[in-house]
Amino acid sequence: MTDLSLILALYEEGPTLPDSLQRIVKELERLPWTWEIILVDDGSTDDSRLRADQFAAQHPDQIRASHHDTNRGRGAAVANGLRIASGTVAGYLDVDLEISESVIEPCVVPILFEGYDASLGERTYRLRPRSWFRHLLSRGYAVIVRALVATSIRDTESGCKWFRRDSILPILDHVQSEGWFFDTEIMVLAERAGLSISQIPVTYSRRFDKASTVKPLKDSLSSFRQLFDLRRRLKRQGDPPPSQ
């Protein structure tokens, strides 16, 4: 069995994909584990799909490509990757590497060697004038999440998450969101199910050389609506809040 499966969700990532993949492969080759990369193109209209297929053809033993015919959302792409992964540990990292590939090792170690079921990168921001709004929005959202669903997780929206695959697959079947809210939902449900979660500080540095696919106000409103829906679901289930 493979030690580590890394899922990269792609949407309009053609220009940045070659450099990011080179950096990621270099980092993985440095680590003492067997690994695979799963590229999931989520209905891109640029050349992301073509590039993903080319990389997979060049590295058939370690890189696989999967495709959605239409854009379903980042959550759907990650869920697809988790289901077809073969690794003992399966996780995902945003392909733009606003969180560096160097975090792979410290995030995977707690699962492989310390008995944790999951780990996530808790973002600390490298602040720049153009990133203040996103930073404040993210921090405000985190406070609201902790208040509404009684979670001890400090950064549910981080795009850096890792799981013992056998532990997360049963939970994945209960995740409803296929968009950005997937990040919050899967972590809250994992915690409610009793999975042990390691939270590891990582540096987040916003990139301004590429267009973001996140629409801050629209996506935030959608996430708040889904957050209240999740709160109602948890109350109906009657599960006690986590004790951490």
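**Cysteines, strands and helices**

Student: How far is the sulfur of cysteine 160 from the closest cysteine sulfur?

Tutor: The gap is 3.9 Å, to the sulfur of cysteine 107, and that is too far for a bond. A disulfide here means two cysteine sulfur atoms within 2.5 Å.

Student: What am I looking at, by the way, and how are residues numbered?

Tutor: It's a predicted model, where local features need pLDDT of at least 70 and side-chain atom pairs count only at pLDDT 80 or more, while totals for chains, interfaces and linings use all residues. Numbering starts from 1 along each chain as its sequence is written, and side-chain values use heavy atoms, with hydrogens and water left out.

Student: Is cysteine 107 buried or exposed?

Tutor: Buried, with a relative accessible area of 0%, and cysteine 160 is buried with 0% as well. Buried means under 20% relative accessible area, exposed over 50%, and partly exposed in between, using a 1.4 Å probe and protein chains only.

Student: New topic: in what order do the strands of the sheet run?

Tutor: The open sheet has seven strands, ordered β3-β2-β1-β4-β6-β5-β7, with mixed pairing. Its edge strands are β3 and β7, each pairing on one side only. On average, neighbouring strands are turned by 20° against each other, ignoring direction. Strands are DSSP runs of E with at least two residues, helices are runs of H or I with at least four, and both are numbered from the N terminus. Two strands pair if DSSP finds at least two bridges between them. For angles, axes are lines fitted to C-alpha atoms (for helices, over the stretch in contact), and values run from 0 to 180 degrees between N-to-C directions.

Student: Which strands does β5 pair with, then?

Tutor: Three bridges link β5 to β6 (residues 160–164), antiparallel, and leucine 120 sits opposite lysine 161 there. With β7 (residues 197–204) the pairing is parallel, over eight bridges. Threonine 124 has threonine 203 as its bridge partner in β7, and tyrosine 125 stands opposite tyrosine 204.

Student: Why is β5 largely enclosed by the rest of the structure?

Tutor: Because seven of its eight residues (118–125) are buried.

Student: On to α2. Which of its residues are buried?

Tutor: In α2 (residues 48–58) they're Ser48, Ala52, Phe55 and Ala56. They cover an arc of only 100° around the axis, so they're on the same side of α2; the arc is taken from the directions from the helix axis to the C-beta atoms. Ala57 and Gln58, on the other side, are exposed.

Student: What do the buried ones pack against?

Tutor: β1 (2–10), α1 (17–30), β2 (35–42) and β3 (63–68), with contact meaning heavy atoms within 4.5 Å. The helix α2 lies across β1, β2 and β3, at about 155° to β3.

Student: And α7, which strands does that touch?

Tutor: β4 (87–93), β5, β6 and β7, with its direction making about 35° with that of β6.

Student: Last one: what does the side chain of glutamate 185 reach?

Tutor: The backbone nitrogen of glutamine 176, at 2.9 Å. Glutamate 185 is in α7 (residues 182–192) and is buried, with a relative accessible area of 1%. Beyond neighbours within four places in sequence, glutamate 185 has contacts including His174, Leu230 and Arg233.

Terms used. Polar contact = N/O pair within 3.5 Å; in protein donor to acceptor, adjacent residues only side chain to side chain.
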